[in-house]
Amino acid sequence: MATPGNALTDQDELLFRQVHPSFVRDGRVGSQGFRPTPKDQKLLSVAQGSKTTAKAAFELHTECNNLASAGTWAVTLGECQLLSLTVRPDEVTEGDCPDPAHAVVDFSALSSSKIEAQGARLARYANDRGRLHPPDEPRTPNE
Amino acid sequence: MNRSPFASLVFRGQRFDGAAMPLEALPELAAYRELLAAVARELFFAGNLGRMRLPRGFGASFRLSLARIEPGSAVPIVEREFLDTPLFPMGDLFDKARDEVSAAVQAVAANEALPSWLTPTVAAKFASFGRTLKDDEAVILALPGQRIGPEYNRHIRRRILLAGKGTYEEDVDLVGIVREADADQDSFEIRLGDDRRVPVRASPALLSQVLRSFQRDSAIRVSGLGVYDPEGKLLRVSQANDVSPAEEGDVASGRPGCRIAVPEQVDSLKGLQDGWFDGEGLAFSDEALAWSSRLLESIVNGFELATPHIYPTPEGSVRAEWSRPLWEISAELDWSRKLSEVRAVRLDADEMIERTFALGETGQEVRLGSFLANQMRGEA
């Protein structure tokens, strides 16, 4: 079960996102990595950087929740707000994998087209920032 | 003034056939002179420990001139000029520098130790000598009247530079998109076809062209001096010599995008089983993937688009995405409905362009390609 918490205020706070391996190609996150799918009820799951780390968020997702992830990318609260997307804490308190850092980016007021557009914009922010965990290896042209 | 034969530099390669010395290769002769002068200075100080300065007129006493170009590829005959009354007997030191450079080139070719005079200052002179050589070209450092000697080529030059400086420099000719520009710092960043970002320094005059391309979101061509690390990775362009708008062919050869070819990307989706996305997501049929691959490849090649990044969607479509400085462009290909939905999302404004193409209808594939091409070039 998730419970609402205090509002986020730090514009620079990183919001970690686990991205499915199929949504990463040649190191680039596709826009689907940063928009909710139909099962998400228009809420994009993230983890608050003030409460966890990129590494811990990755490990919780892959080892405890046993879900696939190509790594941790991030956007900031300020970037979400720039796109008029609200973010709120959504702590997971029950189950085998409690997640006090869990938060959601709310797309519920948007049409499907608008969701896609905002997802593309968030993905661009995340791609410009680069993968935070595992750290990227230097790439060579032949990779 | 007296002259005496000093060296025969045998330039080999297609450009030098017929004893022709291309004008753009002539700076090699001046660079050779500067290299020998630098080595001679190091030799002087090595032989005169405690001396802080060179004798007066040391550098000026070393004068080389191009006597003629002889056949045998192109063989510039280099002569040394002497004053009638030498100021001091330094002649042997410059002759020795010539021989030392030849010996060093020979040593590098044989994987032997490099000489002690290869200081960073001298390495910088090696950076200038051989800069214009292409992969299939070389200079034979021969003594006067001869045609044989150590072969100096790009490979040897690179190894000498790495030993002396840790980096090496070569002329570069890049095509890409300007990502950032800083007029105060006389610099900008270019994103290349393989998504690498390379910092470039440029004069204010060239920066004006860069800023225009940045504002228009269009590709540019940059030539200049590239600095590489030991693995051959381009670190930066230390100075741009020219910046110009890229032409169609330029974009084709250096278009930004994914480094993995379209067929290979689409082919990788074959491995996805039903439920591939956390229990959701449909597997792709071979027919759907073949259709998507053929369509995307023909559009990318036909309209000279950047190679897209290709992803599956849980709903069973193949999704291609292109990133441009101010836009994100996507095209979803739905094989079952023979439909493509295209979106171009502007990043710095609340703007999105959407189109749907019914690919079962005649001419729609061309319209799809044309629409994407216009979006890539900022014409729509």
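**Entry 1: a helix of chain B**

The model is a predicted one, in which local features need pLDDT of at least 70 and side-chain atom pairs count only at pLDDT 80 or more, while totals for chains, interfaces and linings use all residues. I number residues from 1 along each chain as its sequence is written, with chains lettered from A and ligands numbered from 1 in the order in which they are written.

For my own reference, helices (H or I, at least four residues) and strands (E, at least two) are DSSP runs, numbered from the N terminus. A residue is buried if 20 or more other C-beta atoms lie within 10 Å of its own, exposed if 12 or fewer, and partly exposed in between, with the C-beta atoms placed from the backbone.

Helix α5(B) takes in residues 204–216, which makes 13 residues, and from its first C-alpha to its last it reaches 19 Å, close to the 18 Å expected at 1.5 Å a residue (the expected span is 1.5 Å times one less than the number of residues). Which residues of α5(B) are buried? I noted B:Leu206, B:Leu207, B:Val210 and B:Ser213. They lie on the same side of α5(B) because they cover an arc of only 115° around the axis, the arc being that of the directions from the helix axis to the C-beta atoms. An α-helix has 3.6 residues a turn, so residues three or four places apart point the same way. On the face of α5(B) turned away from the buried side I found the exposed residues B:Pro204, B:Ala205, B:Ser208 and B:Gln215.

**Entry 2: another helix, and a strand with two partners**

In helix α3 of chain B (residues 120–128) I listed B:Val122, B:Ala123, B:Lys125, B:Phe126 and B:Ala127 as buried, and the buried residues of this helix pack against α1 (27–47), α4 (154–165) and β6 of chain B. Just after α3(B), B:Gly130 takes a positive phi of about 95°.

I then turned to strand β1 of chain B (residues 2–12), keeping in mind that two strands pair if DSSP finds at least two bridges between them. β1(B) pairs in the antiparallel sense with β3(B) (residues 74–82) over seven bridges, and B:Pro5 stands opposite B:Glu79 in β3(B). β1(B) also runs antiparallel to β4(B) (residues 138–142), to which five bridges join it, with B:Ala142 as the bridge partner of B:Ser8.

**Entry 3: chain A**

In chain A I counted three helices and eight strands, and from the N terminus on they run β-β-β-β-β-α-β-α-β-β-α. Of the 143 residues in chain A, 44% are buried.

β2(A) and β5(A) (residues 43–48) pair in the antiparallel sense over two bridges, where A:Leu15 has A:Gln48 as its bridge partner. Five bridges join β5(A) to the antiparallel strand β8(A) (residues 102–106), and here A:Leu44 stands opposite A:Val105.

Where is A:Leu8 found? I located A:Leu8 in the loop between β1 (2–4) and β2 (14–18) of chain A, and because A:Leu8 has 18 C-beta neighbours inside 10 Å, it counts as partly exposed. Two residues are in contact if their C-beta atoms, placed from the backbone, lie within 7 Å. Leaving aside neighbours within four places in sequence, the contacts of A:Leu8 are A:Glu13, A:Gln48, A:Leu77, A:Val87, A:Pro89 and A:Ala103. A:Pro89 is 81 residues from A:Leu8 in sequence, yet 7.2 Å away in space, C-alpha to C-alpha.

**Entry 4: where the chains touch**

I looked up the meeting of the two chains, where 19 residues of chain A are in contact with 26 residues of chain B. On the side of chain A that touches chain B, helix α3(A) (residues 112–129) gives the most, with six residues.

**Entry 5: confidence**

I checked pLDDT last, which is the predictor's confidence in each residue, from 0 to 100. Chain A has a mean of 90, with 90% of its residues at 70 or more, but pLDDT stays under 50 over residues 138–143, for which the model has two contacts beyond four places in sequence. Chain B averages 85, and 92% of its residues score at least 70, although over residues 251–255 of chain B the value is below 50, a stretch with 15 contacts beyond near neighbours in sequence. Where pLDDT is low, the predicted coordinates should not be read in detail. For the model I wrote down ipTM 0.92 and pTM 0.55.
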